[in-house]
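Kindly read each point with the model displayed beside it.

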Amino acid sequence: MLNGILFCVIASQNDVRKFEIADDMFWKDGKPFQIIGGDLHYFRVLPEYWEDRLLRAKALGLNTIQTYIPWNLHEPEPGKLAFEGFADLVSFLKLCQKLDLLVMLRAGPYICAEWDLGGFPAWLLAIEPDVRLRSSDPAYLQMVERWWGVLLPKVAPLLYGNGGPIIMVQIENEFGSYGDDKAYLSHLVKLARGHLGEDIILYTTDGGSRETLEKGTIRGADVFSAVDFTTGDNPWPIFKLQKEFNSPGKSPPLSSEFYTGWLTHWGEKIARTDADFTAAALEKILSRNGSVVLYMAHGGTNFGFYNGANTGANESDYKPDLTSYDYDAPITESGDVDNAKFKAIRRVVGKYSSVSLPPVPSNNKKTGYGSIQLQKTAFLFDLLDGIDSAHIVEAENPTAMEYLYQMFGFLLYISEYASKTGGSKLFIPKVHDRAQVFISCSSKASGGQISYVGTIERWSNQAIGLPNAKCVSNTSLFILVENMGRVNYGPYVLDRKGILSSVYVDGRVLKRWKMITIPFHNQNEVSKFNNVIQVATEFPKVSAPKKLERKSEDVLEGPSFYTGRFSIDKNTEVTDAYISLRGWGKGIAFVNEFNIGRYWPTSGPQCNLYIPAPILRHGENVLVIFELESPNPELVIESVDQPDFTCGSSKASVHQL
């Protein structure tokens, strides 16, 4: 302890702005410092709400914000960089500093985060030969060097020693759960040091077991090893183990992911954890001067197509994440803090915080704007004739989405086969992720009646029957494939989308394919696909083909566009809202051309999509639904004032992590 006192005296004499580790403690400007932090991801919150959510985190008692940096948000196309809107990282970091919050920056390049491809840009999957992600592969490292060569100089002026809020920068993420490539990790450290200097604390995060720490840490004083573990585990034996992987005196106990809740996949029960249990587990760390980062303090929303996915025993055991990333965190998806978990955690933090906690803000107001009447404005296949030829590719065999330089959305595959009197069997060994199959006697989607045949899903892939369409010539086959989010964790992250194998009809390989890309637009992007949302909205004004009125039993209502409008009176405050998709099938929703995400109430548990107030406006607001299956029979969507996670066959359950 004498060493610590001497360190304190020397530091205070020098009066240097410094954040460092000594005597198994964190030190800020020469004084011992306990990190009480929380993850809050700038890319899951509307920029207009960053300050609101950060103030709520501060009211929870947090002194530090931890955030990932998703490479794919910042470089959606090779060389096309984005640092505005949701991607305005520098503004977010400066805002943290303005609010007197320190920052732990998780720079990747891999982040996991329940985010598409673990934050990697999907265009990495289009490079041939295959780039080995998360490895010493020179082709991969070259890409990382280029990306970090842009990113790290942007954040360097914001390091704590340079007057900014960043106290630590994380290298990779839970690498010990994935691989054992020390050369790769060491290369990242060298890169980071080259851009950020020698003073900043670099850290790794790994599960609190000997095996993961052996694989994921870099021995020596250059990189600090932090741990994460299941909430409820006794933390102190794990912190003792952590010491073995840090230099003597360089191992302040830090749980860099203390789980306040958990993620939920479509088709599961909504994950809930008990507030008092969570708070009690937190107190076990704080009461003995341990440091902690809540994962999550505030979850937010997977807007657009950026949700990730997990796999089970194999890559077919595919589990995509919900649009909501509420995470059962103390600050809810919409920013609410009037809940048991926020109060329980704040009560514990208040006992150990070195400063008095700010007052708790009230919940943001939410409004149900009532029933929104929609009308069918376009059948997807009727829009295809007007598609730019740049969106159409022809090839002998089906091609993966990434090789067509489409990273998100949908891809339509078209071929033809000779019908048989008794019908045929269609088999696609590998489809990622969900394929709706249609047949027609016309090779043009808009040229004849389209009949829905069935759906092939990655997780329950089976052959389906193709009825005899009794066409004069060959029968046209249309396969609409949805990318439902790339795997972000585990051995199957190399997760290309589309049809990834041959297609067999009656055991014979089908050749000569035409592929039409249908990307829509993702979060932080302008509209794509000839502004398909605008086209769909205005379609009735242009023409209304009788075909849209058809009610034949063999025709699926979807994939179709439905448009509705609702008004907010100029004398009324514009507030947050939700829309309830109960009674609808599966699809995506756009409000005022903003992609608010996927819905799938038939699978559940999420029924409602969150609409932050900054997306809305006084006067007319436009809602466009792209429904893949069948709409609510009344073509009505309710705007409501609260979330709902009781759809599908799933219901909420409280469980301990």
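1. Over residues 539–555 the pLDDT stays under 50; pLDDT is the predictor's confidence in each residue, on a scale from 0 to 100. For this stretch the model has 30 contacts beyond four places in sequence, a contact being heavy atoms within 4.5 Å. Residues 5–13 also keep a pLDDT under 50, and for them the model has 7 contacts beyond four places in sequence.

2. The structure is a predicted model, in which local features need a pLDDT of at least 70 and side-chain atom pairs count only at pLDDT 80 or more, while totals for chains, interfaces and linings use all residues. Residues are numbered from 1 along each chain as its sequence is written, and side-chain values use heavy atoms, with hydrogens and water left out. The protein averages a pLDDT of 92, and 91% of the residues score at least 70.

3. Which residues touch the most other members of the largest nonpolar core? They are Trp 148, Leu 151, Ile 166, Ile 579 and Ile 625, in a core of 160 residues. A nonpolar core is a set of buried Ala, Val, Leu, Ile, Met, Phe, Trp, Tyr and Cys residues joined through side-chain atoms within 4.5 Å. Buried means under 20% relative accessible area, exposed over 50%, and partly exposed in between, with a 1.4 Å probe and protein chains only. In soluble globular proteins, nonpolar side chains tend to be buried together.

4. Helices (H or I, at least four residues) and strands (E, at least two) are DSSP runs, numbered from the N terminus. Leaving aside residues up to four places away in sequence, Leu 151 touches Ile 69, Phe 83, Leu 89 and Ala 107. A second, separate core has 23 residues, including Ala 435, Val 437, Ile 439 and Ile 464.

5. The loop between strand 6 (102–106) and helix 5 holds Pro 109, and the peptide bond from Gly 108 to Pro 109 is cis, with omega near 10°. Cys 112 lies in the loop between strand 6 and helix 5. Its phi is near 65°, a positive value in a residue other than glycine. Is Cys 112 buried or exposed? Cys 112 counts as buried because its relative accessibility is 6%.

6. Another cis peptide bond runs from Gly 604 to Pro 605, with omega near 0°. Pro 605 is placed in the loop between strand 31 (594–599) and strand 32 (608–611).

7. Tyr 405, in the loop between strand 16 (392–395) and strand 17 (410–417), has a positive phi, near 55°, in a residue other than glycine.
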